[in-house]
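The following exercises concern a predicted model.

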Number of protein chains: 2
Amino acid sequence: MADEFKHLVLVKFKEDVVVEDILKQLEKLAHEIDVVKSFVWGKDGESHEMLTQGFTHAMIMTFNSKEDYNTFASHPNHVEFSATFATVIEKAVLLDFPAISVKAPAK
Amino acid sequence: MADEFKHLVLVKFKEDVVVEDILKQLEKLAHEIDVVKSFVWGKDGESHEMLTQGFTHAMIMTFNSKEDYNTFASHPNHVEFSATFATVIEKAVLLDFPAISVKAPAK
């Protein structure tokens, strides 16, 4: 696990956005682009806004390497999606990092 | 994977903090508390600040269920760590959410 690379996005969507549609597009994207090893998302509906800073959704994409992430990032389908994504978000934070696995699930 | 629960923390540490020490404490915590299924962290050293909003570190803890997360959150060792953690961060975002797995790693 030590060499995995993660692409993490926290988002607050604009009010009139159909979030399900965006997530479907993301799901499609993850399946279309082979280098995406895994993709998990979630919605925090409970934590205090003081903690979430207004962010509601987290998306975590995992790749086998930074090179695979770069392949994803420059893929035309991702570039196209990103342009759309930028129009539906009120704010976002993105972090890309080599994942240091401290505790791995028991086999 | 559908029922996993994730605890995600993005952090910007204060300037004079020895980040390695904090991460070691977190590592210890993850090992001490059985319900922590997996723990991964990473440091983004490259992305543009416009994207990272100044956050440098991401921590992702995974639990089998929300109940397990609650057990972790209320564990005395976590409560104690959180008090310390609050003193070393400049800012943080926390999201807690049931993880929807769209694409899982091939077996």
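**Exercise 1.** Determine whether Glu90(B) is buried, partly exposed or exposed, and identify the residue with which Glu90(B) forms a salt bridge.

*Solution.* Step 1: Glu90(B) has a relative accessible area of 48% and is therefore partly exposed; buried means under 20%, exposed over 50%, and partly exposed in between, with a 1.4 Å probe and protein chains only. Step 2: the partner of Glu90(B) is Lys12(B), with the closest N and O atoms 3.5 Å apart. A salt bridge here is a side-chain nitrogen of Lys or Arg within 4 Å of a carboxyl oxygen of Asp or Glu. Step 3: because Lys12(B) belongs to strand β1 of chain B and Glu90(B) to strand β4 of chain B, the pair ties together parts that are 78 residues apart in sequence. Step 4: Lys12(B) also counts as partly exposed, at 24% relative accessibility.

Two conventions apply throughout. Residues are numbered from 1 along each chain as its sequence is written, while chains are lettered from A and ligands numbered from 1 in the order in which they are written. Local features of the predicted model need pLDDT of at least 70, side-chain atom pairs count only at pLDDT 80 or more, and totals for chains, interfaces and linings use all residues, whereas side-chain values use heavy atoms, leaving out hydrogens and water.

**Exercise 2.** Give the strand order of the five-stranded open sheet and identify its edge strands.

*Solution.* Step 1: the order is β5(A)-β2(B)-β3(B)-β1(B)-β4(B), with antiparallel pairing. Strands are DSSP runs (E, at least two residues), as are helices (H or I, at least four), numbered from the N terminus; two strands pair if DSSP finds at least two bridges between them. Step 2: β5 (100-103) of chain A and β4 (89-98) of chain B are the edge strands, each pairing on one side only. Step 3: β5(A) and β2 (residues 38-43) of chain B are joined by three bridges, and Ser101(A) stands opposite Val40(B).

**Exercise 3.** Identify the buried residues of helix α3 (residues 66-74) of chain A and explain why they lie on the same side.

*Solution.* Step 1: the buried residues are Asp68(A), Tyr69(A) and Phe72(A). Step 2: they cover an arc of only 100 degrees around the axis, which puts them on the same side of α3(A); the arc is that of the directions from the helix axis to the C-beta atoms. Step 3: Glu67(A) and Ser74(A) are exposed on the other side.
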